[in-house]
Amino acid sequence: MANSPAEGFATSGCAPTPPPAPSTGTLKGKIFALNTANPTDMSQVLANATVKVGGKTLTTDGAGLYSVVLAPATYTVTATASGYQSST
């Protein structure tokens, strides 16, 4: 068996056990006002915007950033700010 090409490979049952999937992850984002003249411009951040995701309600910081720890899944994120249309 020493000359067997399968010796020590996954096909012989010697594969290591993969690590478990993480139980949580961190979702991070930035809320900004849309500049229709330049849609890639993210410079006008929206501080104190409300972000709803996964049953949690967050408020953006002074740089328009938010961060939340969630279980692995697919989520819908909705952002609202005074004077702006909400976005999902």
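What order do the three strands of the open sheet have, and is their pairing parallel or antiparallel? The order is 3-2-5, and the pairing is antiparallel.

## What you're looking at

A quick word on the ground rules: this is a predicted model, so to speak of local features takes a pLDDT of at least 70, side-chain atom pairs count only at pLDDT 80 or more, and totals for chains, interfaces and linings use all residues. Residues are numbered from 1 along each chain as its sequence is written, and side-chain values use heavy atoms, with hydrogens and water left out.

Of the 88 residues, 17% are buried (under 20% relative accessible area; exposed is over 50%, partly exposed is in between, using a 1.4 Å probe and protein chains only).

## The open sheet

Back to the 3-2-5 sheet. Its edge strands are strand 3 (56–59) and strand 5 (78–80), each pairing on one side only. Two strands count as paired if DSSP finds at least two bridges between them. On average, neighbouring strands here are turned by 20° against each other, direction ignored; the axes are lines fitted to C-alpha atoms (for helices, over the stretch in contact), and angles run from 0 to 180 degrees between N-to-C directions.

Strand 2 (residues 50–53) runs antiparallel to strand 3, and four bridges join the two. Threonine 50 stands opposite threonine 59 in strand 3, while lysine 52 stands opposite threonine 57. Strand 2 also runs antiparallel to strand 5, with three bridges joining them, and there lysine 52 stands opposite threonine 78. As for its faces, strand 2 has Val51 and Val53 on the covered one, and Thr50 and Lys52 on the uncovered one.

## Turns and a positive phi

Strands 2 and 3 make a hairpin with two residues between them, and glycine 54 in that turn has a positive phi of about 55°.

Most residues other than glycine have a negative phi. Asparagine 48 has a positive phi of about 65° although it is not a glycine. Look for asparagine 48 in the loop between strand 1 (25–30) and strand 2. Asparagine 48 is exposed, at 61% relative accessible area.

Which strand holds lysine 30? Lysine 30 lies in strand 1 and is partly exposed, with a relative accessible area of 35%. Lysine 30 and leucine 65 are 35 residues apart in sequence, yet their C-alpha atoms are 4.4 Å apart in space. Leaving aside neighbours within four places in sequence, lysine 30 is in contact with Met42, Val45, Ala63, Gly64, Leu65 and Tyr66.

Serine 67 sits in strand 4 (residues 65–70). With a relative accessible area of 44%, serine 67 is partly exposed. The C-alpha atoms of serine 67 and threonine 26 are separated by 6.7 Å, although these residues are 41 apart along the chain. Again setting aside neighbours within four places, serine 67 is in contact with Thr26, Leu27, Lys28 and Leu58.

## The largest pocket

How much space lies in the largest pocket? About 250 Å³, where volume is the space filled by probe spheres set on grid points joined across faces, edges and corners. A pocket here is an open set of points on a 1 Å grid over the protein atoms alone, where a 1.4 Å probe fits, with protein on both sides within 12 Å along at least five of seven lines; lining residues have an atom within 4 Å of a point.

The lining has 16 residues, and Ile31, Phe32, Ala79, Gln85 and Ser87 lie nearest the pocket's centre. Strand 5 gives the largest share of the lining, three residues. By type, the lining divides into 10 nonpolar, six polar and no charged residues (Ala, Val, Leu, Ile, Met, Phe, Trp, Tyr, Cys and Pro are nonpolar; Asp, Glu, Lys and Arg are charged; the others, Gly among them, are polar).

Terms used. Contact = heavy atoms within 4.5 Å.
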